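Thanks for coming. Please have a look at the sequence and the structure, and then I will go through a few places in turn.

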Amino acid sequence: MEQVQEKQRKEEFDASEIEYVSYGGEHHLPLIMNLVDQELSEPYSIFTYRYFVYLWPQLSFMAFHKGKCVGTVVCKMGDHRDSKFRGYIAMLVVIKPYRGRGIATELVTRSIQVMMESGCEEVTLEAEVTNEGALALYGRLGFIRAKRLFRYYLNGVDAFRLKLLFPQPEMADRDDTQNHDDHSPREEYSELHRHL
Amino acid sequence: MDWKSTEQASMERHAPNHSSSSSIPATENTVWADASPLLDTVCKELRDGELIHGDNFNLYAAMSALEIMDPKMDSGIINKYASVDEAIEDGLAPVPISIDKTVDVQCIIDIIDHLLACEATWHKGHSLAQTVFSCAYLVRPERTLSHALLDSYCKVIRATCKAVTTIVSDARTHEEEDLFTMSYGLPLNVEGDEKCLSLLNAVEENISRQLRACKAPLSKRKPLEDIEPLQTNFDLEEGYCKALLCRLRFRKHFCHVLSCMRRPQGRGLELARKHIASCISELGSILNSAEFLMFNAYGTCEDGTEDRTTASGRQAIGFDANLNSRISAPTPPRSIKILSWKKAIKYFENLLHHLDIICSYPLDPSLDALLRFVAQFQKAQPDLVARVHLQLLLVQDGKLYGRYPVLAVIIRAARLTEVIMRHDILKNEYFVQLGQIVINMLKILCTNAAWQRRKLGKILQDWRAIYSQLELAFRKESGEGSSISNGENASAGILKHILIWVEEQTYWIAHRFLVLGFELELYSPSEYCMVYWYLSVVLIRLAEKKHLKMTVSDGSAKQKGKKRKDSPKDLAREARIPPAISFLQCQICLAEGLALLLAALRNELIVLQSPSPFNSEHERFLQHFELLQKACIPDLISYPSFKESTSYARISSVVMYNYFKDAQKIAKEVKSSFLNDPDRSAELRILEQVAEHNSVALNVISRVGALDPSLKVSFEFIHHPYFATVVVKRS
């Protein structure tokens, strides 16, 4: 899905003024939807948002500045095809005046922390190869570019599948089968994704 | 038409029939009940955010059921036309386009040009339905029958699209490009299309006569030969005739290129080259016609917008991007941008150039030469249509080029003589499997880099598995009697050769997997060290196996059987290292040099290290090399070995054992052996360049001191696609 991170004209604020809040209920949903609708070019139905925040409310976070919602991250986690317990970052948005100040990093970090504590083995997402901001952000957090997906987006741009592997207690015994994404680039969301 | 009136018109056309009564009569098996009151109550009681969901309709299903902006699924989407027929009724594609023959000709040329732009856009990865078949003239073949030029051209376009779709389907490795072959609901099999070339020829001949007629001086014109001119303005006759002729001829020759290249066993390649040359020549004429066409459109020769999809700059008549959105197979709802006319021509020039390279390949039965050719071909990042043609040439009927049985190719590659072909052991199941694995590898090597790399990583397991099987067989064969030393055990000898070759091939695939990661930008600079380290380890094994293959003679008693435990650097001291091995040694030195330099910088400066809150370099190592590790390529290599090899690296030691200088030296020495190989000569020159630059950079770093704050070191791919050049800047 989509990630946005660009450096543009900035709002003046101190990092301590940003309040990070976990998804708390229906009253947060319109805030998230407005942010994502405003900043990202893809149309998502309300069911898409509900799918994420209802089933995994503990993985979605919002950033507030003086009562205004300025950023959000929306994620999920679950058993993947080869029974790997995996987190997925679906949407990440910070409005333009607030970018470049680490808010996105903080949002993502909180979500990944919860994933780790919930027993996820890895975290994954897709990002456009041209999205330098997102690639730098996730790179700093320890994600690698696991694969390049040719013409993943409908406008013809390639994507990287980014993956973060948490340290495992017993590396030698892990029976990794990397089959899951290789038969087709169609993750659960790719079907959704390709039409967005 | 503004949105409101479009909507109204659309609604009027599709107004539901309100006049039917609300009660539907019951039948034997059904009783209808009005659920409106129930729904009303439920709606009043449901609060914001509450959902009704059934056992089989969870949130995931609810989300996936909605397809926004796809008119087949999203009934709210307003399209200008609900169907092709409606569009035609509305006058989208008039036949003839104009009663004024000059305007008619102009418009047809615009249609031809826009179709070329659409075709190139399709090749570049968009759907046929949204590109070429956005032309209403193509979609209703019966309408154009009265207009010879338009009709024959439409037929040729449909026939070409069908041919190309078939070729791509046959190759079956277009996974990520699967939009390409979707043609459900599109008229690709129209009766009569197979006659397109003869119809086109007739039209071409006619226009040629018209051209001759307008060029002949009045005095020489005989009344009997008077034919009706193409269009009504005499001054423009020559220009329009020529503009049309080059377009028709390009189409004709392009059809021939496709059919020649499809002839089995590469029999049509030489003729294909002639047609390719004609295509390129006609494309030149097409480009040149732009001046004339633009002048007559606007009265000027200015370039106009770069985005224009026709030579004249006018918009072509008869196209609607959403023409097929309601009827065809999944068409992405987003509208797409058609390539500009100039870019389309560039695309076809590029495609023809790549097809020409394929056609000029001498169909060498040497697998080594073929692999080098394919790797070289892929460097230019050719598009799908070109790659598919390469694949279909390489693998036909399970044979190389349809000519050489794959087993014979393997035998030759393993440096066994053809005599071996008669040996019984080759009938074994694992040799059949080996053949299939090789064919699979060849197909994969023809795909786009991203997909190719993933598949290469996967097949490493297959190569490892077949190696194990062959090794078991070898042990069995050599266990029966102790006849290896006197060369009587031919089976064991054959297996031994094959085993060495399989290992060499496995390491070659592993090395390709690693270096493609650079081309695909999968490695961040903080990961270069481990990648170059792993690459050097793989290249060392590759060189070992290759050298072993070359020195183990042909299954005879004179088998040396020396296990090369020496590193390739030691081997360099022996006389007469085969040039191919030296080539690899040069690369090994570069890889080692880069790995150690990066390690030294990291150790001394703690730069390029990215302390991540969630994991360490160990996890990233495991992820990048997972597929190699799983296939034990190589054995006993792990993250601890990487740390061991690099944790003591210092700039001073790197300078002492200057790998870059060694690489330079080897490159210089081996240059003369590759004089007849332009590709490898070119690469050697570049490797030498990189080695030289890096050697100098290393000395600067050493002299200034790695800790000097004014020093800025970066690793850039300015000379070679995967061996970085060390760039040192002083601020």
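**Notes on the model**

D397(B) is exposed, with a relative accessible area of 76%; by relative accessible area, exposed means over 50%, buried under 20%, and partly exposed in between, using a 1.4 Å probe and protein chains only. D397(B) sits in the loop between β1 and β2 of chain B. Its phi is near 55°, a positive value in a residue other than glycine.

Some ground rules. This is a predicted model, where local features need pLDDT of at least 70 and side-chain atom pairs count only at pLDDT 80 or more, while totals for chains, interfaces and linings use all residues. Residues are numbered from 1 along each chain as its sequence is written, chains are lettered from A and ligands numbered from 1 in the order in which they are written, and side-chain values use heavy atoms, with hydrogens and water left out.

Helices (H or I, at least four residues) and strands (E, at least two) are DSSP runs, numbered from the N terminus.

In chain B, an open sheet of three strands runs in the order β1-β2-β3, with antiparallel pairing. β1 (395-396) and β3 (404-405) of chain B are at the edges with a single partner strand each, so one side of each has no neighbour in the sheet. Two strands count as paired if DSSP finds at least two bridges between them, and β1(B) pairs with β2 (residues 399-400) of chain B over two bridges. V395(B) is opposite L400(B) in β2(B).

β1 and β2 turn up again around a helix. What covers the buried residues of α15(B) includes β1, β2, α12 (367-379) and α16 (449-479) of chain B. Among those buried residues are Y430(B), F431(B) and L434(B). How far apart are the end C-alpha atoms of α15 (residues 429-444) of chain B? They are 23 Å apart, and this agrees with the 22 Å that its 16 residues should span at 1.5 Å a residue; the expected span is 1.5 Å times one less than the number of residues.

Next, the largest pocket. A pocket is found on a 1 Å grid over the protein atoms alone, as an open set of points where a 1.4 Å probe fits, with protein on both sides within 12 Å along at least five of seven lines; its lining residues have an atom within 4 Å of a point. The largest pocket has a volume of about 1200 Å³, and a volume is the space filled by probe spheres set on the points. Its lining has 45 residues, with L371(B), R372(B), A375(B), W508(B) and R680(B) nearest its centre. Which helix gives the largest share of that lining? It is α12(B), with 10 residues.

α26 of chain B is one of the helices that supply at least two residues of the lining. E683(B) is in α26 (residues 678-704) and is buried at 14% relative accessible area. Its side chain makes a polar contact with that of H720(B) at 2.9 Å; this means a pair of N or O atoms within 3.5 Å, where within protein one must be able to donate a hydrogen and the other to accept it, and residues adjacent in sequence count only if both atoms are side-chain atoms.

Last, a cis peptide bond joins V95(B) and P96(B), with omega about -5°. Another joins I633(B) and P634(B), with omega about -10°. Most peptide bonds are trans.

Terms used:
Contact = heavy atoms within 4.5 Å.
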